[in-house]
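Okay, everyone, thanks for coming. Let me put the structure up and walk you through it.

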Amino acid sequence: MIPYGRQDITQADIDHVVEVLQSDFLTQGPQVPAFEASICAATGAAHAVAVNSATSALHIACLALGLGKGDILWTSPITFVASANVGLLCGADVDFVDIDGDTFNMSVEALADKLAAAEAAGKLPKIIMPVHMCGQSCDMAAIGALAKQYGVRVIEDASHAVGGALNGVAVGACSHSDITVFSFHPVKIVTTAEGGVATTNNAELAQRMGLFRSHGVTRDPDLMEGDSDGSWYYQQVELGLNYRMTELQAALGVTQLTRLAEYVARRNEIARRYDAMLGNLPLKRPGKLDGAYSAFHLYVIRVEPDQRRAVFDALRAADIGVNVHYIPVHLQPYWRKRGFKAGMFPNAEAYYSSAISIPLYPGLTDADQQQVVDAIKAALA
Ligand SMILES: *Cc1c(COP(=O)(O)O)cnc(C)c1O
């Protein structure tokens, strides 16, 4: 089986993890700050807070922005369920903004319309969470301008997009957002096995996310109420969680990140080859946003909805590990019980009915790619 995604682990990764395993610290040592510094260097963000998953990072991002009961979060229906779930976990209500049918990212027009209607109804969201689907940035200048206009905060779910850029600015720089989140699950661009990070240029948000990551507890006298009892002293000043990344995960991340640019360049090379090889077939290739350099976590083709199931099954039968990203969140049973229905986000639903993610990862060889393309040709014939 040629999988749709796969990690790349080198001897340097293994050596570094083993070295840390034999060191004094398995958690709360120097590797997590080193990994955070590497993320800041790669993105240009001033602060990075590493945690045990992107889901955790999205959760502490919402907590740091004060999302709670009576508040509203909007995200895209074409995302992994975690983007929406974290809003509910904070006690807020969650709604969705339909996608653009070409880039699969949150539609700026749909967002503008929905914000205008929400303002008129006195129900503006506190946070909007655009998702950089497949690794291609949303139109962040436009989304950031709308957020400013309506006084809404922005968290970028860039789980797919570390190493990507928009108009020459790295995703994660937070030029048009409060916080950006990356995932380091093994199918993503670089991995820490499980892991995530939140970047921000706001020192106070970084500090608050640091508190929520570790029980709401601090040893920093500046964050304490009253005086310290002594050098053993700590205080709990918030209600937090244990979302810490281990030293082993961070050690893997540090060496993985040294190859970030190389990985994303290779992913773009594979995507360009797909563009050329699939050009004459009866399918739609992914749309591009001007100025975007995608990290190409995924390459999604679209076929006629009445053919999708047969094409998918034929590819699986040919040992091609295709997948579908994503089932629209609002159509999941849990969300239907909250009142969402088919027909509410037509572009997302049309996208879902036609989408197939085909294999894309740095270790995919030209021969593998030819095998994938031949299988697609046969499946469509
Ligand atoms: C993978 C992913 C997540 C969750 O990431 P984890 O690190 O597995 O928690 C969230 N949002 C999107 C868009 C993702 O692809």
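So, the chain has 13 helices and 14 strands; helices here are DSSP runs of H or I with at least four residues, strands are E runs of at least two, and both are numbered from the N terminus. The radius of gyration is 21 Å, close to the 21 Å that the globule rule gives for 381 residues, so the chain is as compact as a globular protein of that length. That radius is taken over C-alpha atoms, and the rule is 2.2 Å times the number of residues to the power 0.38.

Before I go on: this is a predicted model, where local features need pLDDT of at least 70 and side-chain atom pairs count only at pLDDT 80 or more, while totals for chains, interfaces and linings use all residues. Residues are numbered from 1 along each chain as its sequence is written, and side-chain values use heavy atoms, with hydrogens and water left out.

Back to the overall picture. Along its principal axes, the C-alpha trace spans about 75 × 60 × 35 Å. Of the 381 residues, 55% count as buried, meaning under 20% relative accessible area with a 1.4 Å probe, protein chains only. And if you take contacts (heavy atoms within 4.5 Å) with a separation of 6 or more, 73% of them are between residues 24 or more positions apart.

Now let's zoom in on a pair of helices. How do α5 and α6 pack? Helix α5, residues 108-120, and helix α6, residues 140-150, pack at an angle of about 5°, with their axes 10 Å apart. The axes are lines fitted to C-alpha atoms over the stretch in contact, and angles run from 0 to 180 degrees between N-to-C directions. α5 and α6 are therefore roughly parallel to each other, the word for angles under 35 degrees. On the α5 side you'll find Val108, Leu111, Ala112, Leu115, Ala116 and Glu119, and they meet Ala142, Ile143, Leu146 and Tyr150 in α6.

Next, have a look at His16, which sits in helix α1, residues 11-21. Is His16 buried or exposed? His16 is buried, with a relative accessible area of 13%. Leaving aside residues up to four places away in sequence, His16 touches Gln31, Ala251, Val254 and Thr255.

Last stop: Met277, in helix α9, residues 260-277. Met277 and Val373 are 96 residues apart in sequence, and 7.1 Å apart in space, C-alpha to C-alpha. Again not counting residues up to four places away in sequence, Met277 touches Gln369, Gln370 and Val373.

Definitions and conventions
Parallel < 35°, antiparallel > 145°, perpendicular 65-115°, else oblique. Buried < 20%, exposed > 50% of the residue type's maximum accessible area, 1.4 Å probe, protein only.
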